[in-house]
Amino acid sequence: MSFQSAVDEVVDLVSQLIRFDTSNTGEPETTKGEEACAKWVAQQLEEVGYTTQYVESGRPGRGNVFARLAGPPDSERGALLVHAHLDVVPAEPADWSVHPFSGAVKDGHIWGRGAVDMKDMAGMALALARQFKRDGTVPPREIVFAFLADEEAGGTWGSHWLVANRPDLFEGVTEAVGEVGGFSLTVDRPDGTQKRLYLVETAEKGLAWMRLTAEARAGHGSFLHDENAVTEVAEAVARIGRHTFPLVMTESVSQFLAEVSAETGLDLSPDAPDLETALFKLGNLARIIGATLRDTANPTMLKAGYKANVIPQKAEAVIDCRVLPGRQAAFEKEIDELIGPNVTREWITHLDSYETTFDGHLVDAMNAAIVEHDPQGKTVPYMLSGGTDAKAFAKLGIRCFGFAPLRLPPELDFAALFHGVDERVPVESVLFGTKVFEHFLRHS
């Protein structure tokens, strides 16, 4: 059977994956759909001859599926993990122009929650896994296909549980590829031509959700009070919310800026007069790149009181912190100075940052696959301001990259589609990505 069968079925597979409502609310009792979707994926793999492992990660219904495609029997290379999560963030149908779980294919796009985050890559991986098995393909190294639960809530009941409790599932794996990388950024060159840079994720900021708490004497709202827990927390939140952390150039960000500067002629050097303003010349992606120049700490939740005329004993706030590699200790020192002596802090969620180098055979294979299908393309490293399941796999010493290739129209605001209303992915981008990913896996 020819390779064309993977291209022929990938759009339908992505559409069918979207039709599973795998909304992850962050609360196990209201999260749904992962088990049904995972078992459907297992069925698609078993249909072409795979032996699959279905694993529930710590709680009923948190379904994960693994399948292995053997490499050469005499190969001494470690296995490659290809991972995709099946859960999605919730969506309100009334806000959408199409139903978010319809998987509709119209106007040249596949529509629905998860179309870009990340059932497009799940569909590409599934289509190619099926194709390789049908063809009897022996890749240059063993490939482990993993379809996972709970990434959208930090992976507690997905990748992190699996790494802690079932490390055997990753036996032999040395490198991994997953989401939020491989998509194109079209830039203008000084000579009037354009270049497509395909951003490969080599780093992620740390993800840390912090709770601030202040306690003081409760009392009547009509009295004078020298101590007020609400005031203490509110002032700490205001200081954090207005604080600008220092500019820090990590290796991944430095390389990205150097590559873009070389192609565009823009001055994006660390000592540029106004680097962050210059970044906006890159268009919509500037929001993601700009967030990787500094640590961030954004207040997101406040909680205090139960009656208008009662001074509460306790007040709380939640801060969403994203920390650059190597900055955790310095970040915490700055935070402690900002919150002051009367407010305590604790981590609700704390996932480490991650960074690897942009070199080696796997990186070369990514670039070769891109250039094969887009001669005007080139891979460059970048840092993700958010987080993925790579944070869990890195704990096992696995070298992780984000590479889900998509050639995107220059006018598409790709960053806005993540978790956005009317999430959608161009059909042509998925077809292109399937071809690129096939080339990559055959040479990885």
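**Close-up views of a predicted model**

**View 1. The loop that holds Met-118 and its cis peptide bond.** Met-118 lies in the loop between strand S5 (109–111) and helix H3. In this predicted model, the peptide bond that joins Asp-117 and Met-118 is cis, with an omega of about -10 degrees.

**View 2. The packing of helix H3 against helix H13.** Helix H3 (residues 119–135) packs with helix H13 (residues 427–442) at an angle of about 50 degrees, and their axes are 10 Å apart. H3 is therefore oblique to H13. The crossing of the two helices, H3 and H13, is right-handed. From H3, the contact is made by Asp-120, Met-121, Met-124, Leu-128, Phe-132 and Asp-135; from H13, Val-430, Gly-433, Thr-434, Phe-437, Glu-438, Leu-441 and Arg-442 take part. The residues of this contact comprise 7 nonpolar, 2 polar and 4 charged.

**View 3. The largest pocket and its lining.** The largest pocket holds about 630 Å³ of space. It is lined by 27 residues, of which Asp-117, Arg-322, Gly-386, Gly-387 and His-419 are the closest to its centre. Two or more lining residues come from each of helix H4 (159–165), strand S10 (206–215), helix H8 (286–290) and helix H12 (414–417). By class, the lining of the largest pocket divides into 11 nonpolar, 8 polar and 8 charged residues.

**View 4. The backbone at His-419.** His-419 lies in the loop between H12 and strand S19 (424–426). Although His-419 is not a glycine, its phi is positive, at about 65 degrees.

Technical notes: Residues numbered from 1 in each chain as written. Predicted model: local features only at pLDDT ≥ 70, side-chain atom pairs only at ≥ 80, totals over all residues. Heavy atoms only, no water. Axes fitted to C-alpha atoms, helices over the stretch in contact; angles between N-to-C directions. Helix = DSSP H or I, 4+ residues; strand = E, 2+ residues; numbered from the N terminus. Parallel < 35°, antiparallel > 145°, perpendicular 65-115°, else oblique. Left-handed = near helix turned anticlockwise from the far one by under 90°. Contact = heavy atoms within 4.5 Å. Nonpolar A, V, L, I, M, F, W, Y, C, P; charged D, E, K, R; others polar. 1 Å grid on protein atoms, 1.4 Å probe; cavity = no way out; pocket = protein on both sides within 12 Å on 5 of 7 lines; lining within 4 Å. Points joined across faces, edges and corners; volume = space filled by probe spheres on them.
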